[in-house]
Amino acid sequence: LTRSTTSDDIDSNATRSIFVGNIPKNISIYELRDVFQRYGPVLDVEIKKMTGNATYGFILFYDLHSAISAKRYMDGTVIGGNNIRVGFGKGTASKVLWVDGVDPSLSESQLEKHFSKYGNVVRMGFDRQGRTAMVQYETVDEAKEALGEIKGGYIGNNRSRIMADFANKDAKAAFFTRLETPGGPRPFPPPTPMYPDHMMGPPSMMM
């Protein structure tokens, strides 16, 4: 399900972090995670409680496909009687990039050569099966330049547009842990099927 996005669905503003506004003030981190993790693996959940009834949160997904699906299917739905608003959060610049949509026929040396055009690549991992790469540059400025150049473009002969975002230390650790698992990366458990069109949230939280 997290692979349902196509080139036409790519939003140039997409990040792995999504903002969730107007959530119930009594919702817990665990309940919010449960709602959104059906769209893909979630790395972190944060809830901000403001004065009055205003409450919002941020969900950080492992990959961009999951974040895009969550925004598409959850924006405007109802949780606990509240119509929620879902949008992309602002990515935090780092030295590490998450790159999705890489041509699996490329070799690691070809891929590293491509990314080296934008700066000194300190570390790189390539999950050929998942068509994803994690690229660590020596400086944040190099990573920023690379992100601006590759996002929405193509690498290799694959006709899928590249999706990319900055990656934090948790995403980097999760990626390389999976990549270095004996026998190769193991896929995450499939997400729970998305709600049918007539359902606007998990039954336990619907009003």
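Modeller: On a 1 Å grid over the protein atoms alone, a pocket is an open set of points with protein on both sides within 12 Å along at least five of seven lines, whereas a cavity is a set where a 1.4 Å probe fits but cannot get out; lining residues have an atom within 4 Å of a point. The model is predicted, so local features need pLDDT of at least 70 and side-chain atom pairs count only at pLDDT 80 or more, while totals for chains, interfaces and linings use all residues. Residues are numbered from 1 along each chain as its sequence is written, and side-chain values use heavy atoms, with hydrogens and water left out.

Biologist: How much space lies in the second largest pocket?

Modeller: Grid points are joined across faces, edges and corners, and the volume is the space filled by probe spheres set on the points. For the second largest pocket, this comes to about 320 Å³.

Biologist: Which element gives the largest share of the lining of the second largest pocket?

Modeller: The lining has 16 residues, among which Ser 17, Leu 60, Lys 90, Thr 92 and Asn 168 lie nearest the centre. Two or more residues each come from β2 (42-49), β3 (55-61) and β10 (163-166); helices (H or I, at least four residues) and strands (E, at least two) are DSSP runs, numbered from the N terminus. The largest share, 3 residues, belongs to β3.

Biologist: By class, how many residues of that lining are charged?

Modeller: Ala, Val, Leu, Ile, Met, Phe, Trp, Tyr, Cys and Pro count as nonpolar, Asp, Glu, Lys and Arg as charged, and the others, Gly among them, as polar. The lining of the second largest pocket has 6 nonpolar and 5 polar residues, and its charged residues number 5.

Biologist: How many salt bridges does a search of the whole structure find?

Modeller: A salt bridge needs a side-chain nitrogen of Lys or Arg within 4 Å of a carboxyl oxygen of Asp or Glu. Over the whole structure, the number found is 4.

Biologist: With which residue does Glu 46 form a salt bridge?

Modeller: Glu 46 is partly exposed at 34% relative accessible area (buried is under 20%, exposed over 50% and partly exposed in between, with a 1.4 Å probe and protein chains only). With closest N and O atoms 2.8 Å apart, it is Lys 48.

Biologist: How many residues apart in sequence are the parts that Arg 123 and Glu 180 tie together?

Modeller: Arg 123 is partly exposed at 33%, and Glu 180 is exposed at 53%. Their side chains meet in a salt bridge of 3.0 Å, N to O. Arg 123 lies in strand β8 (121-127) and Glu 180 in the segment after α5 (169-179), so the parts tied together are separated in sequence by 57 residues.

Biologist: Are Asp 127 and Arg 178 buried or exposed?

Modeller: Asp 127 and Arg 178 form a salt bridge, with closest N and O atoms 3.9 Å apart. Asp 127 is in strand β8 and Arg 178 in helix α5, so the pair joins parts 51 residues apart in sequence. Both Asp 127 and Arg 178 are buried.

Biologist: How many of the 11 residues of helix α2 are buried?

Modeller: The buried residues of α2 are Leu 64, His 65, Ser 66, Ala 67, Ile 68, Ser 69, Ala 70 and Met 74. Helix α2 (64-74) is largely enclosed by the rest of the structure because its buried residues number 8.

Biologist: Which residue caps the N-terminal end of α2?

Modeller: A polar contact is a pair of N or O atoms within 3.5 Å; within protein, one must be able to donate a hydrogen and the other to accept it, and residues adjacent in sequence count only if both atoms are side-chain atoms. Here a side-chain oxygen lies 3.1 Å from the backbone nitrogen of His 65, and the capping residue is Asp 63.

Biologist: What is the angle between the planes of Tyr 39 and Tyr 73?

Modeller: Rings of Phe, Tyr and Trp (its six-membered ring) pair if their centres lie within 6.5 Å; planes under 30 degrees apart count as stacked, over 60 as edge-to-face and the rest as tilted. Tyr 39 is buried at 1%, while Tyr 73 is partly exposed at 37%. The count comes to 7 aromatic pairs. Tyr 39 and Tyr 73 form a stacked one, 6.3 Å centre to centre, with a plane angle of 5°.
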